[in-house]
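Dear colleague,

I am passing on the structure we spoke about, and my notes on it follow below. Please read them alongside the model itself.

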Amino acid sequence: MAKSKTFICSACGATSTKWSGRCEACGEWNTIHEETPLSAGPASKSLGAKRGSSIPLTSLATEETPPPRTHSGIEELDRVLGGGLVPASAILVGGDPGIGKSTLLLQAAARFAESGLKTLYISGEEASAQVRMRAQRLGLAQAPVQLGAETNLRDILTTLEAERPQLAIIDSIQTMWADNVDSAPGSVSQVRAAAHELTAFAKRRGTSVILVGHVTKEGQIAGPRVVEHMVDTVLYFEGERGHQFRILRAVKNRFGPADEIGVFEMTGSGLSEVINPSALFLSERGEPSPGSVVFAGIEGTRPVLVEVQALVAPSPHSQPRRTVVGWDGGRLAMILAVLEARCGIPFAGLDVYLNVAGGLKISEPAADLAVAAALLSAREDAALPAETVVFGEISLSGALRPAPQTENRLKEAQKLGFTAAIAPAGGKSVTDGGLSLTRATDLTGFVGEVFGAG
Ligand code: TYD
Ligand code: MG
């Protein structure tokens, strides 16, 4: 049988048997490359040709103890991991270059090593001396972490086999180079091969492996999507340039809840934990002003208050601007359409800017009402009553839907000194959390209540 070629798309990882200029799966141009198979050998026989042996089956009802966890003592990290590090788990930490991944993982390595794990930190980007200097700057020079500077995957695996660490950190997966794969480091095949070998090692030897991954301009981990499927946990480290805040977000976790966040602040001596993120996100807020609304949100298991800011101004353009930071542009368009169709409040001819303060990205539908309130407040040039939080989901009909965990949101607001809340009516009956609570059933009612018009 002739050896068949495989082609792979570097954007989405789809494979095909022929080359084409455009990937049929994702529609990207010039992303298809030939792939050399991992195992260079004769084409494998059909699986049916040889009989396998039966695999042992067990009952679903078998008692299973929860995995043991090691705590780093960095609470924001332990929580995002689902309550500490699980042995034999493979974790991918993605983020923009310069966001602080190496800093975070060096700090984590030091803390895990101090709590008794045998820890190896392999850098493919920096020399050991550079890593050591950073450790000194972070005050971690005495931590029992072993360093290596290497990009050759074969040598790294041999070292790991010999050392059998309990935790291995690989910084970064894009610099790793497998000599049996005939393409450049950072290419799809290389990243996939390295991720495969390292996660296989994790499962085989019970080592927890943390892989650092760079993120492309589009905000995805560079390399094939399959890497995200290979690992147990995917964390994203995000933040705005020029802001001190950094958010570690679990987007996938086989050992804990996804959507959990940890909040850090980048300081001159590394990342420090932010125990009360609401206070931090609201710290830059001044006097109540038009266009500014405090949203009582939930990130993972934790309530987080953030300020939503809107600016609405007459547009000099025939096509008015819609600019959004920290929130979904499609969702903004929907809210503008609902305001226009259900409440008769047009935004045509007006530029709209929306910003979530502090560099946080929010994706909860419960932010709808806070966004609508900020837009109206900016448009009417009228500030909301002081010390008020807003939350609730808006449906296309203009009806308001109650948000989950209403009670937690209200409690957090009260804890931070807020005295009033505006939320949808209905849902489970809850206490008012000590705040004066205004309940609205639809958007028109909300507009009337808050802005005295409808
Ligand atoms: P780094 O961890 O190297 O980022 P990544 O690995 O994600 O590329 O962090 C780089 C930035 O962090 C750099 O711009 C300097 C800043 N930084 C501090 O502000 N304080 C510190 O203590 C350290 C170590 C870095
Ligand atoms: Mg780095």
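Two strands are taken to pair if DSSP finds at least two bridges between them, and helices (H or I, at least four residues) and strands (E, at least two) are DSSP runs numbered from the N terminus. This is a predicted model, in which local features need pLDDT of at least 70 and side-chain atom pairs count only at pLDDT 80 or more, while totals for chains, interfaces and linings use all residues. Residues are numbered from 1 along each chain as its sequence is written, chains are lettered from A and ligands numbered from 1 in the order in which they are written, and side-chain values use heavy atoms, with hydrogens and water left out.

On those terms, nine strands make up an open sheet of mixed pairing, in the order β6-β5-β7-β8-β4-β9-β10-β11-β12. Its edges are β6 (145–149) and β12 (270–273), each of which pairs on one side only, and the twist from one strand to the next averages 25°; here axes are lines fitted to C-alpha atoms, for helices over the stretch in contact, and angles run from 0 to 180 degrees between N-to-C directions. Within the sheet, β9 (residues 233–238) and β10 (residues 245–253) run antiparallel and are joined by six bridges, with Leu-235 standing opposite Ala-250 in β10.

Turning to charged pairs, a search of the whole structure finds 20 salt bridges, each defined as a side-chain nitrogen of Lys or Arg within 4 Å of a carboxyl oxygen of Asp or Glu. Arg-249 takes part in a salt bridge with Glu-238 (3.3 Å, N to O), and because Arg-249 lies in strand β10 and Glu-238 in strand β9, the pair ties together parts that are 11 residues apart in sequence. Arg-249 also forms a salt bridge with Glu-299, the closest N and O atoms being 3.1 Å apart; as Glu-299 belongs to strand β13 (residues 292–299), this pair ties together parts that are 50 residues apart in sequence. Both Arg-249 and Glu-299 are buried (under 20% relative accessible area, with exposed over 50% and partly exposed in between; 1.4 Å probe, protein chains only), and Glu-238 is buried as well.
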